[in-house]
Amino acid sequence: MATARKYGSDGKELGTVELPAALFEGEVNEHLIWEAVKIYLQNQRQGTASVKNRAAVSGGGRKPWKQKGTGRARAGSNTSPLWPGGGVAFGPQPRAYTARMNQKAKRSALIGALTVRAREGGVIVLEAPALTEPKTRPVAELLQKIGLQGKKVLWVFDTTGVTMRKSARNIDKVSTTESASLHPYALMNCECLVLTQGGLTRLTERLEPSRNE
């Protein structure tokens with residue numbers, strides 16, 4: 001049975017909570033997780049790298065010198081990739097790197113990544129502090145109290161809100177996200193998964209089998 005330690009918004013431990021077996025005791029398919037991570041990173045690429053080939057650089061047209069009798073190598077155009085200032089041969093051109101993964105595979109990869117975190121004891125349920133305005137110090141002190149200072153932390157909310165995002169964005173190695181946009185890369189790139197109760201509930205609603213069949 002997968003469990004996680006639970007802490008209050010003041011940093012005090014409130015015991016343990018049982019994690020949903022459908023999410024944290026699933027099958028771990030390492031290749032599927034790798035594929036999901038690869039596709040995520042691939043989709044982050046803009047694909048805007050571009051260079052000029054010999055058709056795009058200025059110049060060309062007239063033959064630099066006659067074909068024979070000069071003692072120099074034959075040349076047909078000063079836009080050749082062999083010449084300084086000439087075009088680039090086989091250089092990058094704008095392209096789309098977008099790839100897709102079917103929903104069933106996405107769900108399996110995400111459950112596998114959640115299971116890995118649970119097996120390593122890297123899941124914590126934490127009540128988020130009530131902040132009326134963005135403040136970094138209360139959030140940093142709370143993470144320090146529960147022993148997460150200096151660790152890569154992924155904090156998952158049902159809805160993060162501007163206040164919490166701004167409060168956590170200046171803390172080193174801490175990132176926040178919503179349960180609706182949680183993906184395997186974020187889980188594999190953190191040491192500890194911190195869930196609010198609302199985030200855990202929304203994540204369960206998103207991934208439970210009855211809603212995905």
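Helices α3 and α7 are oblique to each other, a label for angles that are neither under 35 degrees (roughly parallel), nor over 145 (roughly antiparallel), nor 65 to 115 (roughly perpendicular). The model is a predicted one, in which local features need pLDDT of at least 70 and side-chain atom pairs count only at pLDDT 80 or more, while totals for chains, interfaces and linings use all residues. Residues are numbered from 1 along each chain as its sequence is written, and side-chain values use heavy atoms, with hydrogens and water left out.

Helix α3 spans residues 103–119 and helix α7 residues 197–207; their axes lie 11 Å apart, at an angle of about 140 degrees. Here an axis is a line fitted to C-alpha atoms over the stretch in contact, and angles run from 0 to 180 degrees between N-to-C directions. Helices themselves are DSSP runs (H or I, at least four residues) numbered from the N terminus. On the α3 side, R107, L110, I111 and L114 meet L203, R206 and L207 of α7, where contact means heavy atoms within 4.5 Å. These residues comprise five nonpolar, no polar and two charged; Ala, Val, Leu, Ile, Met, Phe, Trp, Tyr, Cys and Pro count as nonpolar, Asp, Glu, Lys and Arg as charged, and the others, Gly among them, as polar.

The axes of α2 and α3 come within 9 Å and cross at roughly 110 degrees, which makes α2 roughly perpendicular to α3. L32, I33 and A36 of α2 touch A105, S108, A109, G112 and A113 of α3. By class, this contact has six nonpolar, two polar and no charged residues.

The three helices meet again in the lining of the largest pocket, to which α2 (30–43), α3 and α7 each supply at least two residues. The largest share, seven residues, comes from α3. The lining has twelve nonpolar, six polar and six charged residues.
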